[in-house]
Amino acid sequence: MGFWGIEVKPGKPQTFDPESEDGKLHVTQATLGDGFGREKSVIQCSIGGKAPVYLCSLLTNKTECCPLNLEFDDEDGIVEFLVTGTRSIHLSGYLEAYEEEEEDELH
Amino acid sequence: MGFWGIEVKPGKPQTFDPESEDGKLHVTQATLGDGFGREKSVIQCSIGGKAPVYLCSLLTNKTECCPLNLEFDDEDGIVEFLVTGTRSIHLSGYLEAYEEEEEDELH
Amino acid sequence: MGFWGIEVKPGKPQTFDPESEDGKLHVTQATLGDGFGREKSVIQCSIGGKAPVYLCSLLTNKTECCPLNLEFDDEDGIVEFLVTGTRSIHLSGYLEAYEEEEEDELH
Amino acid sequence: MGFWGIEVKPGKPQTFDPESEDGKLHVTQATLGDGFGREKSVIQCSIGGKAPVYLCSLLTNKTECCPLNLEFDDEDGIVEFLVTGTRSIHLSGYLEAYEEEEEDELH
Amino acid sequence: MGFWGIEVKPGKPQTFDPESEDGKLHVTQATLGDGFGREKSVIQCSIGGKAPVYLCSLLTNKTECCPLNLEFDDEDGIVEFLVTGTRSIHLSGYLEAYEEEEEDELH
């Protein structure tokens, strides 16, 4: 399945629907995008109307990237990523094929 | 099972009961929440009355997030997370289904 | 299979073809290379003409290395790594043999 | 098996005997404890009289926590953790049950 | 198999021969050693005469440790670790027993 990545721009929520993928999504890195903003940028995620949870907080010229280790699968509803701050955040990771048993169970 | 996340506010302990979940909890990230406090915020956990253990220590404007790799399962008692400092800490991670054998053994 | 590493120099894209390897590539670390540049160095990757995704952003004398956790396998097309900034970035990681079933399925 | 954590105070070595546990110990995080010291605190470990190895070095108000990924199992002798510096270091992680085959082999 | 660690002193290359071990080596942490040097210390590795790859770059009083995630196995030749800078770097990690099938295949 391999590599996965998106850029999330400030104030423009991006959604990910785990059911539309053949594999489980592992999000493993967040990196600050381009721009001139000096405020911090925070990326949060929310699923199915639950309170958003902050995933990481990046600081221009101090901490511009951070490892993550998150998993999103078929049993999650649609995931919404939102960035607050003035610069975008790039998320990267990979998709992992579901094991066959798991697949049988889920479908 | 997928994504898991909570916000723990300063001085307001939050509990997690591994037995109430169908999977093992992996806590993989801590991120500083909103607020104006400039002191550091520390999150600790304690299980079954044992001495609390510090899980991470976040510094406003310096280190606002930190990867973790903790597991809590059925054999742990109720877990209490507590934040000291002036800002909340968001914990995120994921739940992993128990393997069937494990389940047989445990129930 | 073991260790894997390359140096990517600024402005000189380097490609990796997952099909040319017997295993899945795990890229697990980025480290700033030699040079005198004081701007930041960012490494990005793009696959099959998709928009590039930033993998990490390193800062001379502040954050000179960063853990990653990326996977590239047979199902990915050719991967292009590109560094922007004035210093090179060394990527390291390891190759993991494909499981036999996977191999059957893929070939 | 789940969560594991200890506090190691400066100059007071703490030992861990892998044989006394039913699982393999994963130490995954180090966090600076309370105190007013401003020197750095370093945690080291030594096994069976071998030269001690530094596991991480924490800096007050700069880097107060650090992810680790260490494993200690039945085949290790008694492990001694020692902190040098003026503040304690909290270690956290989890115990993982040995796989049955492994157990047969080991006992 | 459990814990593994070495100290690599500046300018004194240290070799590791994966074939001399019963398991696969996982190197998971680098920590700055003692000394008064204020330059940065970089650890690199090279295998079988290939160009050296930087594994991490540590900065006195700023970033004194860094998680790694590297694997070295039987199929790698002899690995040479070299530190440039004025302070030593301690590497730690663990050895993981080869799975039986793997062993059959390899020997």
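**View 1. Contact, in this predicted model, means heavy atoms within 4.5 Å.** By that criterion, no contact joins chain C and chain D. The closest C-alpha atoms of chain C and chain D lie 11 Å apart. Chain B and chain C likewise do not touch, and the nearest C-alpha atoms of chain B and chain C are 10 Å apart.

**View 2. Chain A is built from eight strands and one helix.** Read from the N terminus, the elements of chain A follow the order β-β-β-β-β-β-β-β-α. Along the principal axes, the C-alpha atoms of chain A fill a box of roughly 50 × 30 × 15 Å. Among contacts in chain A with a separation of 6 or more, 79% are between residues 24 or more positions apart.

View 3. Chain A has 107 residues, of which 55% count as buried. Its accessible surface comes to about 4,700 Å², and carbon and sulfur atoms contribute 45% of that surface. Chain A carries 22 negative and 8 positive side chains. The centres of these two sets of side chains lie 21 Å apart.

**View 4. Strand E3 of chain C is largely enclosed by the rest of the structure.** The strand spans residues 23–32 of chain C. Since 10 of the 10 residues of E3(C) are buried, the strand is described as largely enclosed.

**View 5. Strand E3 of chain C pairs with strand E8 and with strand E6 of chain C.** With E8(C), residues 89–97, the pairing of E3(C) is antiparallel and extends over nine bridges. In this pairing, His26(C) stands opposite Tyr94(C) of E8(C). E3(C) is also joined to E6(C), residues 65–72, by six bridges, and these two strands run antiparallel. Here Thr31(C) stands opposite Cys65(C) of E6(C).

**View 6. Chain C is superposed on chain A by a rotation of 72 degrees.** The shift along the rotation axis is 0.0 Å, and the RMSD of the superposition is 0.0 Å. The two copies are therefore related as by a five-fold rotation axis. In chain C, the C-alpha nearest the axis belongs to Pro67(C), at 5.5 Å from it.

**View 7. The interface residues of chain C and chain A.** Only 9% of the interface residues of chain C are also interface residues in chain A, so the copies meet through different surfaces.

Definitions and conventions:
Residues numbered from 1 in each chain as written. Chains lettered and ligands numbered in written order. Predicted model: local features only at pLDDT ≥ 70, side-chain atom pairs only at ≥ 80, totals over all residues. Heavy atoms only, no water. Helix = DSSP H or I, 4+ residues; strand = E, 2+ residues; numbered from the N terminus. Buried < 20%, exposed > 50% of the residue type's maximum accessible area, 1.4 Å probe, protein only. Areas by Shrake-Rupley, 256 points an atom, 1.4 Å probe, with all protein chains shown as cover. Lys, Arg positive; Asp, Glu negative; His and termini not counted. Charge placed at Lys NZ, Arg CZ, Asp CG, Glu CD. Pairing = 2+ DSSP bridges. Least-squares fit on C-alpha atoms with pLDDT ≥ 70 in both.
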